[in-house]
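Dear colleague,

I am passing on the structure we spoke of, and my notes on its fold and charged pairs follow below.

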Amino acid sequence: MALVLKFLYNNFYSLFVEFQDPRTKDFPILHTLPQILAVIAAYLYFIKSWGPRFMEKRKAYELKTILIIYNSLQVIANIWLGIYATYHSYWRGGWNFFCEPIQEDLSPEGYRVAFAMYCYYLLKVADLLDTVFFVLRKKYRQITFLHVYHHAIMAFGTFVASNFVISGHGCMLGIVNCYVHAVMYLYYLMSCFKPDMKNSIWWKKHITHVQMLQFSFLIYHFGRPLVMQDCDYPQAMCAIAFVQNLFMLLLFSDFYRRAYLTKKKEL
């Protein structure tokens, strides 16, 4: 057993010390593997066990003021980060849209890209509060497998990216996702002031369209290097991102079918 623990420790040290990108290794807040795993574990425990038990004999919290502040900050943060990352990568950085290799750029511009990736990771951790608010408001029907899986996998995936894959072809995912989330949180913010919007199928349907368009674009973005094989970017990372976005597109397509097409036929 001692040899097994020593082996795991040595490999953990090798991965997180020797191969960690130097641009973000000293950034604070949830930047080690045990920390992010603890956050995700606490998140799952709260929404699946402790939270529902805590709310069992309590009235649902309204949380209107908190939601207005939270959604407003999310809209501002996602718009700012999307523009900031686009400017310092594809605009000022001159990145290639079709292929951008991973580069450990230690220039000031490289550190700005690293900062953007780190901020994106923190945003994905903050997104976990969506589900916490659902529990406190007793909106249990909205806590679907799709919702929980998406939030948990994004928090862990961006942790890995902010440590090891800061630059390169994969950054497009974060940039596109920021703009999509800005639209999504703007809808949530507007619904705080106009609750009737929550019953508007038009809004919900088109936000789902935007999300599905996002996944379709990213499938192309990561699939092209796999087919053309003309990009010096790790094929394994492209394959993982391709499969993940394809899986998300299938989940959202199934949700769209059940939420809008099936119900329409029933009416």
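**Salt bridges and overall fold**

D254 and R258 form a salt bridge, their closest N and O atoms lying 3.0 Å apart, where the term stands for a side-chain nitrogen of Lys or Arg within 4 Å of a carboxyl oxygen of Asp or Glu. The two residues are four positions apart in helix α9 (residues 235–266), so about one helical turn separates them; helices here are DSSP runs of H or I with at least four residues, strands are runs of E with at least two, and both are numbered from the N terminus. D254 is partly exposed at 30% relative accessibility, and R258 is likewise partly exposed at 43% (buried means under 20% relative accessible area, exposed over 50%, partly exposed in between, with a 1.4 Å probe and protein chains only).

Please keep in mind that this is a predicted model, in which local features need pLDDT of at least 70 and side-chain atom pairs count only at pLDDT 80 or more, while totals for chains, interfaces and linings use all residues. Residues are numbered from 1 along each chain as its sequence is written, and side-chain values use heavy atoms, with hydrogens and water left out.

The whole structure holds six salt bridges, and one of them joins R112 to E109 at 3.1 Å between the closest N and O atoms.

As for the fold, the protein has nine helices and zero strands, and 44% of its 267 residues count as buried.

Best regards
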